[in-house]
Structure formats: C-alpha cells, structure tokens
Amino acid sequence: MRNRWINSPAAYALGMFAMMVPTQAFSSFYFYFYVDELGLAVWLATIARTIYLVWDAVNQPLAGWLSDRTSTRLGRRRPWLLGAVPAYMLTFVMVYAVPPGLGKAGMLAWFLAALILIEAVATIIWVNYGALFPELFQGNRLRARASAVQQGFQIAALLVGTAATPLLYTSLGYGNMALIYAFLFGVLMLVCIAGIREQEEARQGPRLSLKESFRTTLRNIPFWLHNIANSFAQTVNGLIGSIIPFYAKYVLGIPEKQVSILLASIFVSVIPLVFVWYRIARDMDPVKCWRLSLAAYAVSVLPLSFAGDLASGIAAGVLVGFGLSGFLVTPPIVGSRIIDLDFADTGQRREGVYTAVSGFITRSSGLISAVAFLIVGMIFDYESGENPGPNPEAAFVWLSSYVPFGLLAVAFAISLFVRLRKETEVRHDGQISGHQL
C-alpha cells in the first residue's frame with residue numbers, strides 16, 4: 001500500500017489541496033477584507049499590489065534557479081518545501097490578523113508587508129511543487145490523469161477556501177479563520193511531502209549558471225506564448241474569485257451567508273467536470289485541447305451578466321464551472337510537453353526555472369486584475385464599501401462577465417500561435433520515444 005501511495009497522483013495532488021485552501025481564502029477575500037471591511041481605498045490597495053508584483057518578478061526566477069541547483073539526499077525540491085511550510089503558516093495568519101487602531105497609513109504598511117512576506121514564501125512552495133510534475137509523471141495519458149486528479153483536489157480546496165471562508169470569518173472572525181487554515185495547510189502539506197520521492201538522476205544533472213539557465217528559456221517562443229495566454233486566463237480565475245463577494249452583494253443582492261451557496265454552485269460542478277476534461281485531454285492533442293478549454297471558458301462567463309438573484313446566479317455559476325474545469329486541466333499538460341522538448345534539445349533539466357518563469361508570467365495576472373478593478377471602479381465611481389458610487393451593480397457586472405470574456409478572447413487568440421512537435425514522450429534518461437518529433 002505504501003509503494004502505491006509514493007509518487008501517486010493522489011499523493012502529489014494532496015499538496016495542491018493543502019496549498020489551495022489558504023491560497024483561495026487569501027486571493028478571494030483579502031482584497032474584500034482590506035477594501036470593503038477595513039475601508040482601505042482601492043487606489044492604495046492597488047499600489048500595494050503593484051509593489052508586491054515587482055517583488056514577485058525578482059524572487060520567482062531566483063527561486064527556480066536555486067531549486068534546480070539544489071542537490072541533497074532528499075532531492076532538489078523537498079528540502080525547500082519542508083522549510084517553507086512553517087513560514088507560510090505564519091505569514092498567512094499575518095494577512096488577516098491585522099492589529100486594531102493602525103489608521104490608514106499603518107493599515108497600508110501592514111498590508112504591504114504581509115503581501116511581500118507571503119509572496120516570498122508562496123513562491124518557494126509553488127515553484128518547487130510545480131517543478132515536480134513533469135519529473136514524476138511522464139507521457140500525455142499519465143499527465144492527463146495526474147492533472148485531472150490534481151485539479152479535482154484543487155477544486156475541493158477551492159470549495160473549502162471560498163465557500164467555507166465566509167462561514168468561518170462571520171462566526172469566528174478573520175484571525176481565527178486564518179489560524180484554522182494555516183494548521184490544515186501544515187498537516188496536509190507534510191503528508192504530501194512524505195509521499196514524494198524524487199528521481200536520483202534528476203538531481204545529478206549539471207548545475208547551470210543563472211545566465212545559462214535563463215538563456216534558452218527566454219528564447220523558447222512556445223513557452224512564452226503559452227504562459228502569456230495563460231496569464232490572461234488566470235486573470236479571470238482571480239478576478240471572478242475576488243469579485244464574487246462584491247457580485248453577490250451588489251448584483252444579486254444576497255446576504256453574506258449566502259455567498260457560500262453561490263460559490264459552491266461553481267466549485268461543486270467543477271469536481272466531476274475535470275474528469276470530463278480528462279477524457280477529452282487524454283486522447284487529444286494537448287495544444288488543441290488547451291485552446292478548446294479557453295474557448296469554452298470565454299463563453300461560460302457571459303451568463304453571469306444576466307443573473308439577478310441567487311437562483312439565476314447559481315445557474316450561471318454552474319456554466320462557469322465547465323469552462324473553469326477545462327482551463328484547470330489542460331495547461332499543465334502543455335507546459336510539461338514544452339519542458340520535455342527543451343530537455344530533448346538541450347539535455348539539461350530546468351523544471352525549476354521554467355516553473356518559476358511560468359509562475360511569474362501567470363502571476364502577473366494579479367496586476368491585470370488590479371488594473372481592471374481600478375479602471376472599472378473609476379468609470380463607475382466605486383471607491384470602497386464606504387463610498388460605492390451611484391451604480392455598483394453595473395461595475396461588478398462588467399468585472400464578473402464582460403471583462404473576463406475579453407481577457408479570455410485575448411488568451412484564445414494568442415494560443416493560436418503556439419505550435420509544438422507532435423506525439424513525443426521523453427524519458428528521464430533524455431532519450432526520445434514515440435512518433436515523429
């Protein structure tokens with residue numbers, strides 16, 4: 001039983017569940033918490049988020065390079081993950097445990113410090129966890145299955161991190177909610193790490209300089225196109241997740257406690273739908289399947305503009321779940337193929353650098369989301385919960401439906417330029433099997 005658990009899709013996916021519960025509680029509610037609950041002005045919150053993204057630009061590539069150069073008996077990735085677990089628990093609690101009586105300047109300083117610290121630790125976790133995927137799972141079918149299992153765990157975590165969070169913070173407060181999620185993350189992440197064994201030959205590869213590691217990465221056009229397209233789609237994930245509390249309040253007119261029901265409608269539907277997308281992805285060209293998922297996602301967000309109460313909001317949420325599930329399953333398969341082809345061409349293992357640069361590009365979606373929020377807020381005169389402007393309903397219809405559709409249309413257009421060699425599988429020894437490259 002132990003051998004079946006080690007390096008299984010379920011063991012790896014448990015890490016996704018562990019990370020996504022606090023991550024989703026953070027991404028969906030921290031902006032709402034500081035802006036609408038604490039009264040921090042949108043423009044100040046946007047400045048803080050911009051500074052945090054600049055910091056992200058520095059630490060992402062460095063974390064990937066250091067991870068690729070690490071060589072211990074535990075592997076390249078596991079030591080970093082073990083060290084980051086307690087640090088993430090502390091920084092997550094810091095985000096929501098805001099001391100009383102700080103004032104606007106003090107609140108901004110606390111907000112910025114919390115963002116910088118949690119981003120530094122989260123980078124270490126996500127880079128090292130993501131770099132394990134192409135190493136542990138080889139071939140399109142296995143990757144499609146592992147990705148589907150991983151995304152099933154992720155959706156379960158999204159359900160907990162979003163639907164349960166309003167229930168927890170309304171009954172226990174934001175600080176106690178953060179403590180509960182931090183403890184859950186720590187326990188489950190350690191179980192995941194215990195179930196992973198890295199390949200011996202992977203850590204014995206050449207240790208490349210920082211310049212050498214990034215030179216080929218920066219010249220890899222399919223890699224950049226794939227990740228730029230994903231950044232626009234990822235913006236929609238973050239935007240919809242963070243907008244839902246506003247959307248429920250101003251568009252649907254439902255109380256805070258019913259936000260959980262609305263969120264559950266999206267995420268409960270996604271859990272079975274990721275396995276529908278697995279069946280599609282396992283026998284389909286990865287790039288074509290990825291494009292199909294982007295198109296489906298774009299169409300699925302439009303019904304949000306027609307909803308006007310809880311029932312119609314739930315129906316629209318289920319449709320969003322179909323598009324979201326496809327986008328969750330397909331990008332890791334395409335990204336792993338790109339890494340395989342790089343290994344075949346160069347003989348060098350750079351999963352960490354590729355994952356780091358990919359993470360930075362897709363995390364730039366946070367800036368796109370913040371700018372979209374700021375622009376739409378200015379157009380409709382929404383400043384904060386204390387000053388929502390004359391028509392907040394229209395503002396959040398645009399932010400939940402029309403803006404996401406435009407972003408996904410851009411992502412789909414970029415995806416049309418991605419071309420990869422066909423039907424290739426690369427083994428750990430660098431030899432190539434399968435059909436023509």
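Tutor: The model is predicted, so local features need pLDDT of at least 70, side-chain atom pairs count only at pLDDT 80 or more, and totals for chains, interfaces and linings use all residues. Residues are numbered from 1 along each chain as its sequence is written, and side-chain values use heavy atoms, with hydrogens and water left out.

Student: What is the average pLDDT of the protein chain?

Tutor: pLDDT is the predictor's confidence in each residue, from 0 to 100. The protein chain averages 81, and 89% of the residues score at least 70. Confidence is highest in helix H12 (residues 286-300), at 94, and lowest in strand S2 (residues 432-434), at a mean of 37. Over residues 423-437 the pLDDT is below 50. Where pLDDT is low, the predicted coordinates should not be read in detail.

Student: What makes a run of residues a helix or a strand?

Tutor: Both are DSSP runs, numbered from the N terminus: helices are H or I with at least four residues, strands are E with at least two. The protein chain has 16 helices and two strands.

Student: Why is H4 called roughly antiparallel to H5?

Tutor: Look at the angle. The axes of helix H4 (residues 78-96) and helix H5 (residues 103-136) cross at roughly 150 degrees and come within 9 Å. Axes are lines fitted to C-alpha atoms, for helices over the stretch in contact, and angles run from 0 to 180 degrees between N-to-C directions. Under 35 degrees counts as roughly parallel, over 145 as roughly antiparallel, 65 to 115 as roughly perpendicular, and the rest as oblique. Therefore H4 is roughly antiparallel to H5.

Student: How is the contact of H4 with H5 divided by class?

Tutor: It has 19 nonpolar, two polar and no charged residues. Ala, Val, Leu, Ile, Met, Phe, Trp, Tyr, Cys and Pro count as nonpolar; Asp, Glu, Lys and Arg as charged; the others, Gly among them, as polar.

Student: What makes H10 roughly antiparallel to H13?

Tutor: Helix H10 (residues 221-252) and helix H13 (residues 310-346) pack at about 160 degrees, with their axes 11 Å apart. The limit is over 145, so H10 is roughly antiparallel to H13. Their contact has ten nonpolar, six polar and no charged residues.

Student: Why is Met94 called buried?

Tutor: Met94 sits in helix H4. Its relative accessible area is 18%. Buried means under 20%, exposed over 50%, and partly exposed in between (1.4 Å probe, protein chains only). Therefore Met94 is buried.

Student: Which residues does Met94 contact, leaving aside its neighbours within four places in sequence?

Tutor: They are Trp110, Ala113, Ala114 and Leu117. Contact means heavy atoms within 4.5 Å.

Student: Why does Asn7 count as partly exposed?

Tutor: Asn7 has 22% relative accessibility. Buried needs under 20% and exposed needs over 50%, so Asn7 is partly exposed. Asn7 lies in the loop between helix H1 (2-5) and helix H2 (9-37). Asn7 also has a positive phi of about 60 degrees although it is not a glycine.

Student: And why is Asp381 partly exposed?

Tutor: Its relative accessibility is 49%. Exposed starts over 50%, so Asp381 counts as partly exposed. Asp381 is in the loop between helix H15 (365-379) and helix H16 (392-415). The phi of Asp381 is near 60 degrees, a positive value in a residue other than glycine.
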